[in-house]
Amino acid sequence: MRRMARLMSLLFAVANATLAFAQDATLPGSAAAPVLPDADASDEIIIRALRIPKDKLPTRITLNYQTALGSKISYERSEMFAKCVGTFDPVMLSKVIDGPPGTSSAQFAQGWIIVTNRACYPGYPSGSAEGDIRLRGTSKLDRGAILEAALRLYAPDAALTLAETEDLVVRRRFNRTESRRNRFRLKSDLDALLFSACLVRVQPELTTRLVRSSPGSDLESGLEQAILIQGRDCLGTTKAVTIDPTMLRVYLVDAFYRWVVAARGIPSLLPVTG
């Protein structure tokens, strides 16, 4: 997972520079260091992290203004759809959430959920033909909203601790399972997942709070910033990142789900489908 010095174009645009830890007055422990939120920080402190000056952060974080608003609006639509559907077909849901990402079967299952529940989908073309169902199942934002809805319904107590993600048995189980599951992802998509999986591994408590936060909220933004700051080892030599907050959430929730499955030693958090 440390191979993630090269980040995905989908999620991050990076500016590479060497992280100067030694004698850096902006880092924790120096006189000018800001108070950086960690897993024990209150929500108020997490939100205040948004006001830390960028030049005081060990990793400079900025928003991708070209995509952030559009992604946020699209995710709100996806959330409305998932909440309207309520309960998904368990077989199709399992294929979407637990099946190998990027395969025709997983995309068809997601498209089938969209098409058969199109009355719930904001902006779905009225009277349009179903067309290629698989093409309607390629949205990462739709998948993310479906996954979050499934977590709330079937695993509202899902949580991770550092003891779990640092457990060598759990880590081997995660690596073994995910290397098989994700072999069909495109490289940029796989890189995004691997990077996010690294962030979840080193900051599981903060990620747990992120999953339970409201999408688009100030708390979510503060948590994402805190996860990137405290998980900066996953960035390698990257000094600055530009993020699409919504896409970062989608990948973190995906990686969180997979780590919880590995920690519990089970194939899925969803109901058994047969």
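Helices (H or I, at least four residues) and strands (E, at least two) are DSSP runs, numbered from the N terminus. The model is predicted, so local features need pLDDT of at least 70 and side-chain atom pairs count only at pLDDT 80 or more, while totals for chains, interfaces and linings use all residues. Residues are numbered from 1 along each chain as its sequence is written, and side-chain values use heavy atoms, with hydrogens and water left out.

**Exercise 1.** Find which helices supply the lining of the second largest pocket.

*Solution.* Start with the term: on a 1 Å grid over the protein atoms alone, a pocket is an open set of points where a 1.4 Å probe fits, with protein on both sides within 12 Å along at least five of seven lines, and lining residues have an atom within 4 Å of a point. Next, list the helices: helix 4, helix 5, helix 8 (187-202) and helix 11 each give at least two lining residues. Then look for the largest share, which is the 4 residues from helix 5. Finally, go to the centre: of the 22 lining residues, Pro-101, Gly-102, Lys-140, Arg-143 and Asp-189 lie nearest to it.

**Exercise 2.** Work out what the buried residues of helix 4 pack against.

*Solution.* Now pick its buried residues (under 20% relative accessible area, 1.4 Å probe, protein chains only); among them are Ala-106, Gln-107, Ile-113 and Ile-114. Last, trace their partners: these buried residues pack against helix 2 (68-85), helix 3 (90-97) and helix 5 (140-154), with contact meaning heavy atoms within 4.5 Å.

How values were computed: Buried < 20%, exposed > 50% of the residue type's maximum accessible area, 1.4 Å probe, protein only.
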